[in-house]
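Open the model in your viewer and keep the sequence panel at hand. The tour moves from the whole chain to single side chains.

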Amino acid sequence: TNVGMSSFHEVIAAKQAGFNVLWYSFNSNAAAGKDPSGKELSHAEVVEAIDNAKPFLSAFIRNFIKNLP
């Protein structure tokens with residue numbers, strides 16, 4: 001489960017206004033910025049996680065849009 005700090009409230013408001021909502025969130029630093037051993041992650045490590053995920057995320061979003069009715 002992932003809840004963004006602001007997107008959660010925006011999604012609820014949009015749904016209450018009658019909008020169809022797709023909510024996608026990417027966790028770049030799980031566990032409050034710590035790795036599995038408890039070591040704090042640096043900003044560079046968070047950026048690296050995002051950069052590593054870009055090909056998958058880009059393909060996922062492109063494929064999703066391509067398959068919209």
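What follows is a series of selections, each with a note on what is there.

**Whole chain.** This is a predicted model. Start with a cartoon view. The chain holds three helices and zero strands. From the N terminus on, the order is α-α-α. Now colour by burial: of the 69 residues, 12% are buried. The accessible area is about 5,800 Å², and carbon and sulfur atoms account for 60% of that. What share of contacts between residues at least 6 apart in sequence joins residues at least 24 apart? The share is 28%.

**Helix α1 and Glu 10.** Select residues 7–16, which form α1. Glu 10 sits in this helix. Is Glu 10 buried or exposed? Its relative accessible area is 52%, so Glu 10 counts as exposed, the cut-off being over 50%.

**The loop and Phe 26.** Move on to the loop between α1 and α2 (30–33), where Phe 26 lies. Phe 26 has 33% relative accessibility and is therefore classed as partly exposed.

**Helix α3, end to end.** Select residues 43–66, the 24 residues of α3. At 1.5 Å a residue, this helix should span 34 Å. The end C-alpha atoms are 33 Å apart, which agrees. Look along the axis for a kink of about 45 degrees at Lys 54, shortly before the proline Pro 55. Which residues of α3 are buried? Show Val 46, Ala 53 and Leu 57.

**The salt bridge.** Stay on α3 and show the side chains of Asp 51 and Lys 54. They meet in a salt bridge, 3.2 Å from N to O. The count for the model is one salt bridge. Both partners lie in α3, three residues apart, about one turn of the helix. An α-helix has 3.6 residues a turn, so residues three or four places apart point the same way. Finish by colouring the pair by accessibility. Asp 51, at 39% relative accessible area, is partly exposed. Lys 54, at 45%, is partly exposed too.

Note on methods. Residues numbered from 1 in each chain as written. Predicted model: local features only at pLDDT ≥ 70, side-chain atom pairs only at ≥ 80, totals over all residues. Heavy atoms only, no water. Helix = DSSP H or I, 4+ residues; strand = E, 2+ residues; numbered from the N terminus. Buried < 20%, exposed > 50% of the residue type's maximum accessible area, 1.4 Å probe, protein only. Contact = heavy atoms within 4.5 Å. Areas by Shrake-Rupley, 256 points an atom, 1.4 Å probe, with all protein chains shown as cover. Expected span 1.5 Å × (residues − 1). Bend = angle between axes of the 7 residues up to and from the residue. Salt bridge = Lys/Arg side-chain N within 4 Å of Asp/Glu carboxyl O.
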